[in-house]
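I opened my notebook today to look up a few things in a new structure. Have a look at it with me before reading on.

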Amino acid sequence: MSVAFDEMTNADGSIRSAYATLSRWLSNVPPDVLDMRRKEAEFIFRRIGITFAVYGDSDAQERLIPFDIIPRILTGSEWRRLSRGLEQRTRALNLYLKDIYSRREILRAGVVPEDLVYQNPAFRPEMNGQKVPHDLYVHIAGIDVVRVDADTFYVLEDNARTPSGVSYMLENREIMMRLFPELFADNRVAPVENYTDELLATLKSLAPGSPNSDPAVVVLTPGIYNSAYYEHSFLADKLGVELVEGRDLFVRNDVVYMRTTEGPRRVDVIYRRLDDDFIDPLTFRPDSALGVPGLMSAYNAGNVTLTNAVGTGVADDKAVYSYMPDIIRFYLGEEPLLKNVPTWRCREPDHLKYVLDHLGDLVVKEVHGSGGYGMLIGPRADKAQIELFRAKLKQDPNNFIAQPTLALSTCPTFVEEGIAPRHVDLRPFVLTGSDRVRIVPGGLTRVALEAGSLVVNSSQGGGTKDTWVLEEN
Amino acid sequence: MLSRTADNLYWLARYMERADCLARILDVTQRLAQLPAAYGGSTNEWRSALLTAGCAEAYKAVHGDEVTEQNVINFLAFAPENPSSIRNCFEIARTNARSVRTALTMEMWETINSSWLELKRHSTKNMTREELARFMSFVKETSLRFDGAAYRTMLRNDAFWFSRVGMYVERADNTARILDVKYHVLLPDSEHIGGPLDYFQWTSILRSVSALTSFHWVYRESVKPWLVADLLILNAQMPRSLTSCYQNITRYLDDIAAYYGRQGGSQRLARSTLSRLGNSRMEDIFQTGLHEYIDSFVTENNRLGSTVTEQYLL
């Protein structure tokens, strides 16, 4: 593996312009001050309650996601390039989903193989021929991006179902502004706190029916035992809308109502943080106690908007991912602005052969896997693991893709031994309303806190950073 | 607002108030039990505590007929099998608070969350008297903090009003029950009404609701049963009195009705209870029997609770 690109320091030791002020500040600030601020940050997180530790020590699975106090910085022009690419990609995702659930031209044209759709467990036949409000499916997307050099960003993964993490983006900024006001005075950092206003405008624009009325928006949560419950209540609070559970809603004559102290009140837009499988026991899993019986019939009648739409999972697994550049070309007639990581599809015999011959150099992932589980990192694996994957690949090649190991960029990070480079990725959030696409500058930067580690997932010891986009004067 | 949110707020306030009341019942019982035998102190105080807390049946199911100080304290304060133990009250309050965090202010959440965490440090079995005293003042301080946080930080809208209605319905019930302790602690045959034991029992009741000083300010006489009853039932100056509770319940239910533009059964019921209290005279109450009066009040108060539930919380 080549030496990773560091976002602050060039190979020759010079500092990249975005980090000029920060680097100066870091070299002047005594280490014990940094340590003190880090502890302060942790204390504030606990008080606010974003650390799930406030729920009690007995709930061991609810814990704090480590926060690194050194920001990750992008220049305005880097961001503009990135955000144009994100918007393009999200537009293509929406057109693809509309096509898949109606005319399926892309399948007939042979651009995407049929079985990728029909045999995909996230494909929802119930959505065939269903019109969704404004023909939009993915209203809130989290597109995971990594960087390999000064000019190249790769999309690592599209999250088109219920991407989470935006509360960390907002809370991280809040904390940074409290702890380091002097840094914000020296840098023109684009704000992110308008995210929830943009989200509300997006959700309202998606309501079915006349655009003049004031639509009722709710956030639907699986409840207090869900690991992302904090984020659900945080968002409902900032949006100023009700946080509902399935039992608060009911459907009468294909219209969704919530039970209020003033009687039933109509609901127009449901930002649901509940998987397809659970939203309606009459249509999907009959044992779901979390959903709303009859919700799908109200949805099909066009009386309510579900955000994201049902069935979007057919667009975001790792097999479909490898076709995204073709999908963008097919619908938009444009070249993709953001690259995909080169991907071998093990379903194709010549790709499979290549992968089997180079297992020691590649990362092999399950098509439906997530969270960094069920994957082989070739250069780090021993013989037994490689042979295990060789057997798996031969048995079920359709279930796997392979990618080269990327030298993910690194950012200065405050760890045990001081300030050291650690690998990062970025999840920006793309909002698609009926009026326009909105992206607040930044996103959630995840950082692998262990030296050399490429796994940024919070379930496996990853942390987060505040992400700055600098505005030029 | 969501019916579930209103329901959670209403019960959150009730459980915080109930925990406070249980601590007060334990407090008054301990005082009564400490009376020297020379004053005729008897052993049935702990049984009376169970009756007052409305937990006699549940206790019997767990411990049988044997009533001991230690068992009653554990049962009322910590027992997981007692749905109304102080520990369970805090537990339910916190679960409710988590599901309505968006409707609570940070100060309210912090009070509930931190006291729930602190509770664990107190829950040792077989506490010494001193530990128990510390525990009870912790419980009372928690409910003061919660009440103060709600009063000082909540927006004055239906969320606030529902939580106040819950608090006052519970408090009215609790005041009535504490007053009824006296009925369950029977005077020994040798004692006569107005004798030293009788006097200490009434005084302890006043102390337990922090009203002994108020009593002297209001009546400027020595403690007498009908005056204590007057203070806790009819006197509108006394913030725990049934009259005061119902003035508040009526007011907050009217606020809700005005806000929603619609009256209902609970508003009518609250007003009729308030006017019955207003028309009561102490002589008549003692004529029909204090216990019977309290009993019928508790029933009526429960009916208000279920009417509020039907009207708003389902």
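My entries on a helix, a strand and a chain contact follow.

**Ground rules.** I am working with a predicted model, where local features need pLDDT of at least 70, side-chain atom pairs count only at pLDDT 80 or more, and totals for chains, interfaces and linings use all residues. Residues are numbered from 1 along each chain as its sequence is written, while chains are lettered from A and ligands numbered from 1 in the order in which they are written.

**Strand β4(A).** I noted that helices (H or I, at least four residues) and strands (E, at least two) are DSSP runs, numbered from the N terminus. In β4 (residues 217-220) of chain A, Val217(A) and Val219(A) point one way, Val218(A) and Leu220(A) the other way, and all are buried. Buried means that 20 or more other C-beta atoms, placed from the backbone, lie within 10 Å of the residue's own.

**Its partners.** Strands pair if DSSP finds at least two bridges between them. I found β4(A) paired in the parallel sense with β9(A) (residues 269-272) over four bridges, and Leu220(A) stands opposite Arg272(A) there. β4(A) also pairs with β5(A) in the parallel sense, over three bridges; Val219(A) has Leu243(A) as its bridge partner.

**Chain contact.** I looked up where chain A touches chain B: 15 residues come from chain A and 14 residues from chain B (contact: C-beta atoms, placed from the backbone, within 7 Å). On the chain A side, α9 (229-239), β5 (242-244) and β7 (255-260) each give two or more residues.

Note on methods:
Contact = placed C-beta atoms within 7 Å. Buried ≥ 20, exposed ≤ 12 C-beta atoms within 10 Å, placed from the backbone.
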